[in-house]
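The following note sets out numbered comments on the model, for reading alongside the coordinates. Each point takes up one region or one aspect.

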Amino acid sequence: MKSVIKTLSEKLRSGQITSVELTEKYIEAIKRVNPVINAYVHETFEEARRDAEYADRLIKEGKGTPLTGIPFTLKDNIATDGELTTCCSKILEGFRPYYDATVWKKLKEQGAVLLGKTNMDEFAMGSTSETSVYGAPLNPRNTARVTGGSSGGVAAAVCADIAAYGLGSDTGGSIRQPASFCGIVGFKPTYGAVSRYGLIAYGSSLDQIGPMTHSVTDAALVYDAIKGEDCADQTSAPVHMGPTALNGDVRGIKIGVAKEFFDGINPQIKGAIDAAIEQYKNAGAEVVEVSIPALKLALPVYYIIACAEASSNLGRYDGIRYGYRAANYSSVDDMITKTRTEGFGREVKKRIMLGTYVLSSGYFDAYYKKACLIRKRVESQLAECFEKCDVLFAPTAPVTAFPLGYSGGNALETYLSDVCTVPVNIAGLPAIALPCGKDKDGLPIGMQIIGKKFDDERVLDIAYFAEKSKLCELEDVEGGVRL
Amino acid sequence: MKYQLVSGLETHVELATATKIFCGCTTAFGGAPNTRCCPVCTGQPGALPILNKRVVEFAIRAGLATHCTINTTTHLDRKNYCYPDLPKAYQISQFDKPLCEHGYVELESGKRIGITRIHIEEDAGKLVHESGFTFIDYNRGGVPLIEIVSEPDISSPEEAREYVEKLQLIMRYIGVSDCKMQEGSMRCDVNISLMPVGSTKFGTRTEIKNMNSLSYIEKAMAYEYSRQAEILDNGGEVVQATMRYDEHTGETSVMRTKEDAQDYRYFPEPDILTVVIPEEKVEEIRASLPELPTDKLKRYVNELRINPANAQLLYKYKAVCDFVEKAISLGAGVKNTVNLTVGTLYSKLETEDDKERFNLPVTAEEMAKLVKLADEGKINITLAQKTLSKMAEEGKPVSAYISESDLAGVDEGELEGICKKAVESNPQAVADFKAGKEKAIFALYGFIKKATQGKADIKKADAILRQLIMK
């Protein structure tokens with residue numbers, strides 16, 4: 001793992017390259033690489049060139065931050081004033097918001113350069129990015145494989161270095177799982193640590209924006225730039241506002257290992273994580289066995305709560321105010337029905353129906369209410385774990401990247417592949433996914449380091465040990481900028 | 001009457017906060033369509049609601065003023081339904097944990113109408129149907145509302161009217177709403193059922209939606225009573241339904257029945273955290289409440305000894321009460337203050353709105369000065385009325401109309417002389433008075449008033465006159 005942001009930032013500050021020049025390099029690389037991997041769905045090159053000029057001025061005036069002048073990408077569900085924001089759904093065809101998401105506003109002020117919006121599962125519903133209306137992005141490490149999802153476009157763009165970093169969103173693993181499938185770093189902060197304002201909602205009580213980067217160092221730099229309480233998001237919370245200190249000193253830390261995370265896991269994945277834990281142990285970390293009996297329940301709880309919230313969040317797409325509208329209709333009701341029928345994809349419809357069902361009178365208690373109770377149980381069992389350890393180590397996914405098209409015929413298996421990531425969202429915890437090896441097919445294996453609420457900086461620091469000690473070095477994918 | 005009417009009201013009251021419930025847009029009525037809205041109140045993708053603290057405070061005020069208990073830990077819920085005026089396809093409201101519960105409103109008779117609950121929620125936009133098109137104006141979307149739900153304690157249209165009037169009065173007193181039914185800042189849904197007199201088992205109810213005038217409420221209830229009574233008389237069954245009232249025909253008609261009732265799929269609003277209100281905040285709001293209308297009316301009659309008719313005229317308008325009470329606190333006598341206000345000033349306050357706002361350029365300070373002159377007999381009541389009338393028209397102080405020399409009045413010696421002249425020049429009146437005609441003395445008063453240009457103190461003159469005549 002190398003810090004791309006640090007390298008580029010030093011080149012910019014020392015005048016070896018300007019942001020305008022750097023931006024053109026990325027634009028050129030996107031034009032070359034993107035037709036193959038389909039990471040970007042909306043290019044914002046004009047915006048990028050303006051941003052780069054602004055960044056060069058900031059740098060000249062000595063007002064730069066580590067992110068100033070560095071080209072990056074946003075997942076297509078993060079609102080950008082005047083630029084297409086479609087959640088990769090037909091129903092938001094042509095939609096350009098007239099407001100910025102708080103994270104983009106913060107980055108823009110610092111002179112970050114937005115290259116474009118990246119591919120994703122429609123409304124972030126999926127684990128392979130194949131439900132995108134623009135077609136699936138391909139995994140740059142093996143184009144016969146999926147990127148994972150839902151933030152698959154960001155993962156592919158960063159992996160191929162046609163973006164220095166990106167912001168994804170994570171409702172049930174949508175940052176961490178594609179990061180692992182593509183062999184990059186993905187960090188999901190504590191729920192509330194980063195503002196959700198402008199993130200188009202899927203499951204509001206689970207959604208969280210976070211960085212997807214080449215390294216842990218980069219993840220910390222990006223996290224520092226976007227974190228903090230926001231007066232436009234009542235669910236955001238105050239956090240430590242200084243820079244995250246990365247020492248990678250793991251002496252005396254207690255790593256919790258819960259066997260429930262490893263049930264039914266591909267042995268190659270278990271082996272890679274065991275080996276990583278061994279390295280931490282050698283550096284002075286202690287391993288404690290913990291148990292989270294309710295862990296397996298997190299998956300059904302996730303699908304009930306996320307779908308319930310989604311069914312309500314997606315009610316607003318009626319063709320009246322923005323986005324797609326059906327062409328022929330006889331009345332308002334007919335227009336709304338046709339718009340939704342034509343505008344939403346199959347997976348989204350499935351989840352809207354599931355969510356509507358679990359909230360319906362007569363079923364509410366049996367599903368939604370019970371799910372909320374179990375959610376509390378999962379939360380408290382995880383909290384109990386953190387009385388015995390500092391962080392939990394777990395796989396990111398029980399599998400490596402699926403072959404393209406595989407999940408279509410194996411929907412249940414795909415749903416089940418979220419088993420390691422959803423408990424983190426259910427409990428609102430911070431977790432980082434980072435590469436820890438490869439399977440026999442050469443596909444990256446990811447591991448997760450999970451912390452307690454608002455222990456984000458600790459999680460990053462403990463992950464930094466892996467970067468510092470070169471625990472796992474994956475080769476670069478060719479074709480990107482690679483300065 | 002064969003059937004007892006049983007009714008409960010759901011009253012929506014728009015709160016008079018400066019900004020909307022979940023964003024910073026103004027709540028002002030009117031404005032060009034869709035100019036008073038933003039990403040939040042038009043439900044743009046990614047926008048998030050921020051709960052306006054003033055809305056919570058106003059709702060607590062309303063709750064305390066209607067004797068409710070306040071749930072200091074509460075949350076908001078989503079009520080999901082699809083309609084073009086509701087841009088998120090859900091209304092943020094409260095379901096199982098309303099902010100206020102278990103209160104009452106007391107009627108003149110002393111009967112209490114129970115308040116089941118008061119909760120906060122957002123208003124929807126407005127559909128405007130014009131030349132075959134439907135337009136949507138979201139200016140009203142996100143305006144804060146409280147919904148006040150009463151117990152089925154109302155037994156007649158008259159009681160319903162009084163209950164709504166009392167609610168209006170209370171909400172205006174505590175400053176949370178202007179409760180203008182014609183502008184829609186107060187609207188009622190009326191639930192009605194009938195049961196045989198003497199029974200305790202409620203019949204099937206219907207709900208008449210969106211009533212926006214007191215007289216329509218009364219008329220609609222009366223109509224619905226006879227409609228249901230007729231059904232029952234014929235051995236039929238009332239069907240549970242939501243009704244609309246047609247103002248032109250005076251009839252109610254069915255909008256939808258229970259079968260197609262909506263399932264709102266309520267669940268806790270994940271975008272807004274649990275609302276925790278410190279006990280001290282509730283007490284602070286309680287302490288800041290003004291005297292409530294019913295208490296004021298009682299105090300006016302029992303303590304200030306204002307006659308009940310005048311007390312009724314005054315207590316409905318808090319601004320008038322504030323004016324009267326301040327003048328009294330500055331030393332003006334109660335009787336003259338009240339009489340001058342109700343007699344002279346009310347004729348200048350033509351509309352309800354004028355009275356509501358005490359829309360006159362007379363200050364309590366100047367009123368007190370004037371009343372004190374009358375109290376002390378330095379001017380008579382007629383002059384006081386005339387002066388006050390001019391003050392109300394021209395907005396000038398008392399001193400602009402009554403000078404020092406006017407106030408010098410007529411000294412005792414001079415007054416005696418004038419009284420003598422009065423007796424001498426009106427022999428017939430004197431004779432009549434002696435013969436027992438009390439009223440004959442008015443002729444003498446008139447003479448004195450004319451001779452002194454109204455400056456004489458008639459009470460004093462009266463005493464002198466009687467002495468002279470009886471001598």
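1. Interface between the chains. In this predicted model, 30 residues of chain A are in contact with 24 residues of chain B. On the chain A side, helices α9, α10 (332-343) and α11 (346-359) each supply at least two residues. The most is given by α9(A), with three residues. By residue class, the side of chain A that touches chain B divides into 14 nonpolar, 10 polar and six charged residues.

2. Confidence. The scores for the model are ipTM 0.96 and pTM 0.90. Chain B has an average pLDDT of 92, and 99% of the residues score at least 70.

3. Nonpolar cores. The largest nonpolar core has 228 residues, and A:I432 and B:A59 are those with the most contacts inside it. Helix α9 (residues 298-313) of chain A contributes the largest share of this core, 11 residues. A second, separate core of 31 residues includes B:Y300, B:L340, B:L345 and B:M391. As a general background, nonpolar side chains tend to be buried together in soluble globular proteins.

4. Surroundings of B:A59. Which residues are in contact with B:A59, leaving aside its neighbours within four places in sequence? They are B:L99, B:C100, B:I118, B:I120 and B:I146.

5. Domains of chain B. The domain assignment gives domain 1 (3-284), domain 2 (291-408) and domain 3 (412-470) of chain B. Between domain 1 and domain 2 of chain B, the C-alpha centres lie 38 Å apart. Six residues from domain 1 of chain B and six residues from domain 2 of chain B make up the contact. On the domain 1 side, helix α2 (residues 157-173) of chain B gives the most, with four residues. The residues on that side of domain 1 divide into four nonpolar, no polar and two charged.

6. The nine-stranded sheet of chain B. Nine strands of chain B form an open sheet with mixed pairing, in the order β2-β6-β7-β10-β1-β11-β12-β13-β14. Why is one side of β2 (69-70) and of β14 of chain B left without a neighbour in the sheet? Both strands stand at the edges and each has a single partner strand, so one side of each is left without a neighbour. In general, strands of a sheet pair through backbone hydrogen bonds, either parallel or antiparallel.

7. The hairpin has four residues between the strands, and B:G250 takes a positive phi near 75 degrees.

8. The β8-β9 hairpin. Strands β8 (residues 126-130) and β9 (residues 133-137) of chain B run antiparallel and are joined by five bridges. One of the paired positions is B:L127, whose bridge partner in β9(B) is B:I136. Two residues lie between the strands of this hairpin, and B:S131 in the turn has a positive phi of about 40 degrees.

9. Position of A:V158. Leaving aside its neighbours within four places in sequence, A:V158 is in contact with A:A163, A:Y165, A:G166, A:I184, A:M212, A:T213 and A:H214. For one of these, A:T213, the C-alpha atom is separated from that of A:V158 by 6.4 Å, although the two residues are 55 residues apart along the chain.

10. Position of B:G198. The loop between β11 (186-196) and β12 (206-211) of chain B holds B:G198. B:G198 counts as exposed because it has 6 C-beta neighbours inside 10 Å, and the cut-off for exposure is 12 or fewer. From C-alpha to C-alpha, B:G198 and B:C68 are 30 Å apart in space, and they are 130 residues apart in sequence.

Definitions and conventions: Residues are numbered from 1 along each chain as its sequence is written. Chains are lettered from A and ligands numbered from 1 in the order in which they are written. This is a predicted model: local features need pLDDT of at least 70, side-chain atom pairs count only at pLDDT 80 or more; totals for chains, interfaces and linings use all residues. Two strands pair if DSSP finds at least two bridges between them. A nonpolar core is a set of buried Ala, Val, Leu, Ile, Met, Phe, Trp, Tyr and Cys residues joined through C-beta atoms within 7 Å. A residue is buried if 20 or more other C-beta atoms lie within 10 Å of its own, exposed if 12 or fewer, and partly exposed in between; C-beta atoms are placed from the backbone. Two residues are in contact if their C-beta atoms, placed from the backbone, lie within 7 Å. Ala, Val, Leu, Ile, Met, Phe, Trp, Tyr, Cys and Pro count as nonpolar, Asp, Glu, Lys and Arg as charged, and the others, Gly among them, as polar. Domain bounds come from an automatic or database domain assignment. pLDDT is the predictor's confidence in each residue, from 0 to 100.
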